[in-house]
Amino acid sequence: MADQFSPLQSICYERGLLRLLDQRKLPLETVYLDILNAADGWNAIRDMVVRGAPAIAISAALSLAVEIFNLDFSGTSLEAASFLVKKLDYLVSSRPTAVNLSDAATKLQNLVLKTVETTDEAKLVFQTYITAAERMLIDDVNTNKAIGFHGANDIQSNLKGSKTVSILTHCNTGSLATAGYGTALGVIRALHANGFLETAFCTETRPFNQGSRLTAFELVHDKIHATLIADSAAASLMKVRTIGAVVVGADRIAANGDTANKIGTYNLAICALHHAVPFYVAAPVTSIDLSLRSGDQIVIEERSPKELLCSDGGLGKQVAASGIGVWNPAFDVTPAYLITAIITEKGVIRKALADDFDIKGFLQNAASGNEG
Ligand code: MRU
């Protein structure tokens, strides 16, 4: 099945079959792992076979779709619903920070519970789940293209004097982190397609090197003019080169706009403010968590010390001195006051007043047809 997909496609799915591109092996090897059930999905997410907020959510949903498609189930419709609800709760426990996974799980659980009110057939409950999970895979690409469109338009309309713009991005937010095209990397793809991109700068994104291994791979694949920098070179880059904007993704955006994203994002935002470089977050509305007032309430995943102690983000041999203590948060929170605007598929969210965003108001407005 994998042969028919682009090398940038991390999720390969057809009904009853799911294969995930093992992103730990990129860019040197292209290896797909068969995902047969929710337990395989959980492990693939926890072990970083698949990563990136939207890709995690979709892979989790599809791992369960595959499990129930191949399951010989003889229970009632209520038992089918309860089976799905429990498995989704279990999948959510794989990684805590990205809200897309719990958002997807809640939507699917609500759908299943609604379906069971109208049918006695377990098969129909499963069928409804499978169709909804498959829809997520399809919808995500369109969402990302809309993010790319709005983001590129916004950046292009702010170009003063120069005809092209250089963008700095962090981590991997591209095809590999989504169902295709990407969010922040989608904005870079759209700027490139429109002829407005000078250079895409990508950070290596230690310790797991999502930038040097994955984003660099995508940029080279798409023949986009790009340069890799060490994470610690970002401030110097902003000082000595003209960077038009920093564009990053998000794992969870609180109601006031505070944004959790890959560790190091906060450093970039501080540097951007210092150098008067606009700082954009690009994410689908499924990355927004209106239940959290601010970023202080976001749970930040801490990962194994091995990722810092060993080369290749923990996959290689030990390089750090034995006995050293390690703190390895996978994400940080960038406060809203450092963020210029949030690019979504529904338009660009700006600050009306003060330092915070009125995201709820924006979404209500968008729902009533007034896209920003
Ligand atoms: O630990 P990761 O690789 O899952 O972290 C990924 C990020 O932080 C991305 O920026 C974010 O999930 C957005 S991906 C479109």
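## Ligand site and backbone geometry

An oxygen atom of the ligand is 2.9 Å from an N or O atom in the side chain of Arg 95. The protein covers 99% of the 420 Å² of accessible area that the ligand has on its own (Shrake-Rupley method, 1.4 Å probe). The model is predicted: local features need pLDDT of at least 70, side-chain atom pairs count only at pLDDT 80 or more, and totals for chains, interfaces and linings use all residues. Residues are numbered from 1 along each chain as its sequence is written, and side-chain values use heavy atoms, with hydrogens and water left out.

Polar contacts are pairs of N or O atoms within 3.5 Å.

| Residue | Atom of the residue | Distance to a ligand oxygen atom |
|---|---|---|
| Arg 95 | side-chain N or O | 2.9 Å |
| Ala 53 | polar backbone atom | 2.9 Å |
| Asp 251 | polar side-chain atom | 2.8 Å |

Around the ligand are 18 residues, of which Arg 51, Gln 210, Asp 251, Asn 261 and Lys 262 come nearest (a heavy atom within 4 Å). The shell divides into seven nonpolar, seven polar and four charged residues. Helix 2 (53–69) and strand 9 (259–262) each supply at least two of the shell residues. Because domain 1 (2–140) and domain 2 (145–367) both give residues to the shell, the ligand lies between them.

Two cis peptide bonds can be listed: Leu 26 to Pro 27, with omega near 5 degrees, and Arg 206 to Pro 207, also with omega near 5 degrees. Pro 27 is in the loop between strand 2 (17–21) and strand 3 (32–34). Pro 207 is in the loop between strand 5 (197–203) and helix 7 (210–221).

Terms used: A polar contact is a pair of N or O atoms within 3.5 Å; within protein, one must be able to donate a hydrogen and the other to accept it, and residues adjacent in sequence count only if both atoms are side-chain atoms. Helices (H or I, at least four residues) and strands (E, at least two) are DSSP runs, numbered from the N terminus. Ala, Val, Leu, Ile, Met, Phe, Trp, Tyr, Cys and Pro count as nonpolar, Asp, Glu, Lys and Arg as charged, and the others, Gly among them, as polar. Domain bounds come from an automatic or database domain assignment.
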